[in-house]
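Trainee: I have a new structure to read. Please show me how to go through it, one feature at a time.

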Amino acid sequence: MLLISSMTIIIFIITIIVMMLATLLSKKTLLDREKCSPFECGFDPMNSSRLPFSLRFFLIAIIFLIFDVEIALLLPMIMIIKSSNLINWSITSLFFIFILLIGLYHEWNQGALEWNN
């Protein structure tokens, strides 16, 4: 019992020493304007925030989020194919994919996917 408790203390001390060494060795010594400033999507944060920018960046981000969430909804559908009724699963899957294709067609038709406007 004494051996286990002393071994635990030794492991704890070694862990603390390794964490302190990692903290000391990972410190950056060169400080300049570019390294200390946050990176904000290619915009210089030291300039005026009232400069015009393209809203297409935000539109593409929203489109990405919508179609990224669809992957999170489609993957479980593949996993439950064996445990569900095939006809109900097919109808639900095709309906969901149809809605996504309508959304993609709408975005394409509105010109949201083109950068050269």
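Trainee: In which helix do Tyr 105 and Trp 108 both lie, and how many residues apart are they?

Mentor: Before that, one caution: this is a predicted model. Now the residues. Tyr 105 and Trp 108 both lie in helix H4. They are three residues apart, which is about one turn of the helix.

Trainee: How is a pair of aromatic rings described?

Mentor: Two values do it: the distance of the centres and the angle of the planes. A search of the whole structure finds one aromatic pair. Tyr 105 and Trp 108 form that pair. The centres are 6.2 Å apart and the planes make an angle of 75°. Planes over 60 degrees apart count as edge-to-face, and the pair is edge-to-face.

Trainee: Is Trp 108 buried or exposed?

Mentor: Exposed means over 50% relative accessible area. Trp 108 has 55% relative accessibility, so it counts as exposed.

Trainee: Let me step back. How many helices and strands are there in the protein?

Mentor: There are four helices and zero strands. Read along the sequence, the pattern is α-α-α-α.

Trainee: How do I check the span of a helix?

Mentor: Helix H3 covers residues 56-79, which is 24 residues, so it should span 34 Å. Its end C-alpha atoms are 36 Å apart, which agrees. Helix H4 has 25 residues. From its first C-alpha to its last it reaches 36 Å, close to the 36 Å expected.

Trainee: What follows H4?

Mentor: Gly 111 follows H4. Its phi is positive, near 85°.

Trainee: Which residues of H3 and H4 are buried?

Mentor: In H3, they are Ile 63, Glu 70, Leu 74 and Met 77. In H4, they are Trp 89, Ser 93 and Leu 100. Next, ask what covers them. For the buried residues of H3, the cover includes helix H4. For those of H4, the cover includes H3.

Trainee: Why does Glu 70 count as buried?

Mentor: Buried means under 20% relative accessible area. Glu 70 has 14%, so it is buried. Now look at its contacts, leaving aside neighbours within four places in sequence. Glu 70 is in contact with Phe 96 and Leu 100.

Trainee: What about Gly 103: where does it lie?

Mentor: Gly 103 lies in helix H4. Its relative accessible area is 27%, so it is partly exposed. Gly 103 and Ile 66 are 37 residues apart along the chain. Their C-alpha atoms are separated by 9.6 Å.

Trainee: Which residues form a nonpolar patch on the surface?

Mentor: The patch includes Ile 9, Phe 12, Ile 13, Ile 16 and Ile 17. Met 19, Met 20, Leu 21 and Leu 25 also belong to it. Together they have about 920 Å² of accessible area. Take one of them, Ile 13. It is found in helix H1, residues 2-25. With a relative accessible area of 44%, Ile 13 is partly exposed.

Trainee: And for the whole protein, how many of the residues count as buried?

Mentor: Of the 117 residues, 9% count as buried. The accessible surface comes to about 10800 Å². Carbon and sulfur atoms make up 74% of that surface. Finally, take contacts between residues at least 6 apart in sequence. Of these, 49% join residues at least 24 apart.

Methods: Residues are numbered from 1 along each chain as its sequence is written. This is a predicted model: local features need pLDDT of at least 70, side-chain atom pairs count only at pLDDT 80 or more; totals for chains, interfaces and linings use all residues. Side-chain values use heavy atoms; hydrogens and water are left out. Helices (H or I, at least four residues) and strands (E, at least two) are DSSP runs, numbered from the N terminus. The expected span of a helix is 1.5 Å times one less than its number of residues. Buried means under 20% relative accessible area, exposed over 50%, partly exposed in between (1.4 Å probe, protein chains only). Contact means heavy atoms within 4.5 Å. Patches are made of residues with over 30% relative accessible area and no salt bridge: like charges are joined within 9 Å, nonpolar side chains (Val, Leu, Ile, Met, Phe, Trp, Tyr) within 5 Å. Accessible areas come from the Shrake-Rupley method with a 1.4 Å probe; for residues, only the protein chains shown count as cover. A salt bridge is a side-chain nitrogen of Lys or Arg within 4 Å of a carboxyl oxygen of Asp or Glu. Rings of Phe, Tyr and Trp (its six-membered ring) pair if their centres lie within 6.5 Å; planes under 30 degrees apart count as stacked, over 60 as edge-to-face and the rest as tilted.
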